[in-house]
Amino acid sequence: MTSHPGTLSASIDPTKLDRLAEVAVKVGLRLQPGQDLVMTAPVAALPLVRKIVAHAYKAGAGLVTPIFSDEEITLARYRNGPDESFDRAPGWLYEGIAKAFDSNAARLAIVGDNPMLLSGEDPAKVARANKANSIAYQPALEKIAGFDINWNIISYPTASWAKLMFAGDSEDIAVAKLADAIFAASRVDRDDPVAAWREHNAALAKRSKWLNGERFSALHYTGPGTDLTVGLADGHEWHGGASTAKNGITCNPNIPTEEVFTTPHAQRVEGYVRSTKPLSHQGTLIDNIEVRFEKGKIVEARATRGEEVLNKVLDTDEGARRLGEVALVPHSSPISKSGLLFYNTLFDENAASHIALGQCYSKCFLGGDTITPEQIAAQGGNKSFIHIDWMIGSDEIDIDGVRADGSRVPVMRKGEWA
């Protein structure tokens, strides 16, 4: 039986859902009194949206504006829309959102749509629509990638996503399993999730501090199908867990999170690497990615599945074949231990060390709050319309930190902190 949008499925614990809403507002965003909030969500996530709005106003929010998407409406465009519609995007909407960010509005995204929603649609149309959207979204994305404001992404266990992950189960059981997995990964299965996040943030900060003290010039990855040297950007800075945005608010952009990450040097990546988990991208599962880098650029790319889509992604723009992020995640992370493939980068990237194609984060530089785009480029930061994470870590991967003098320090052994 399909539940009506707005009614909470009996498979989802209302207490834990309320804790997730509270964590989103108090930990994810640390929303300030008088601050506006712009929220995007699938219609199916309405029960969570309502709880977040209540917690936001209790925290003193100025105005909360939700913007909804719907799977059937998305599909209607692909099935009935004229061809030229796929080169268009609502630029006026994104300009308005960017304007809200200029006025210090916070940003919250709830993800939960079926990750394979567009798997049956024309990949060329999907690629065109994504490109148009990426270009139109740029003014707003720059505020997020530049960490101008406090922002957060969380998830809701929708039936369509649950049925993809737990195909053999009834809808009720699938939703219950996905809800439990989201609640555990988001630490809201604890009695005091806010305190649990404080402790977790402290552990991630300790890792970042050690890496920042070492000032490695590169990381060297070795393992099956992998021999990769990732040069790190000049003046790079490691971050993990809670971070302070340019507006002075310390927030947790991703819930869940298990990573510490920084900016690689876009010109200094050499060697080859193989993905260790499938990448779910816009309705296509891209599996067994193998790429080779020369002078920072991917010069060869293969995949046993979804190769055509991978190549379209790499052709998005000049920066799409270069790296914008490198992140370290222990193989023993709770999400990795769950053994689940979520088909959702927010979760899957926290199961393994990963790299991201495309746009870098300006906050991952010393003086990131004042650094200019020109300085970012000069120090090796990458620019692109895309930012796509994919997993390269496992219990068979070793990582060394390489110092400027060529000496090496073990960072990870068999996927765990050395």
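Biologist: In which helix is Leu141 found?

Modeller: Please keep in mind that this is a predicted model. In that model, the helix in which Leu141 is found is H5.

Biologist: Is Leu141 buried, partly exposed or exposed?

Modeller: Buried means under 20% relative accessible area and exposed means over 50%, with partly exposed in between. The relative accessible area of Leu141 is 22%, and therefore Leu141 counts as partly exposed.

Biologist: Is H4 roughly parallel or oblique to H5?

Modeller: Two packed helices are described by the angle between their axes and the distance between the axes. Helix H4, residues 91–102, packs with helix H5, residues 123–145, at an angle of about 5°, and their axes are 9 Å apart. Angles under 35 degrees count as roughly parallel, and therefore H4 is, relative to H5, roughly parallel.

Biologist: How many charged residues does the contact of H4 with H5 have?

Modeller: On the H4 side the residues are Gly91, Tyr94, Ile97, Ala98, Phe101 and Asp102, and they meet Asn133, Ala136, Tyr137, Pro139, Ala140, Lys143 and Ile144 in H5. Sorted by class, this contact of H4 with H5 has nine nonpolar and two polar residues, and the number of charged residues is two.

Biologist: Is H1 oblique or roughly parallel to H8?

Modeller: Helix H1, residues 14–29, and helix H8, residues 193–214, pack with their axes 10 Å apart and at an angle of about 50°. Because of that angle, the position of H1 relative to H8 is oblique.

Biologist: Which residues of H8 make the contact with H1?

Modeller: H1 passes H8 in a right-handed crossing. From H1, the contact is made by Arg19, Val23 and Val27, and from H8 by Pro193, Val194 and Trp197.

Biologist: Which strands does H8 lie across?

Modeller: An open sheet is formed by five strands with antiparallel pairing, in the order E7-E10-E16-E17-E18. H8 runs at about 40° to E10, and the strands that H8 lies across are E7, E10 and E16.

Biologist: Which residue in E16 is the bridge partner of Val260?

Modeller: Strand E10, residues 260–262, pairs with strand E16, residues 323–328, in the antiparallel sense over three bridges. The bridge partner of Val260 in E16 is Leu328.

Definitions and conventions: Residues numbered from 1 in each chain as written. Predicted model: local features only at pLDDT ≥ 70, side-chain atom pairs only at ≥ 80, totals over all residues. Heavy atoms only, no water. Axes fitted to C-alpha atoms, helices over the stretch in contact; angles between N-to-C directions. Helix = DSSP H or I, 4+ residues; strand = E, 2+ residues; numbered from the N terminus. Parallel < 35°, antiparallel > 145°, perpendicular 65-115°, else oblique. Left-handed = near helix turned anticlockwise from the far one by under 90°. Contact = heavy atoms within 4.5 Å. Pairing = 2+ DSSP bridges. Nonpolar A, V, L, I, M, F, W, Y, C, P; charged D, E, K, R; others polar. Buried < 20%, exposed > 50% of the residue type's maximum accessible area, 1.4 Å probe, protein only.
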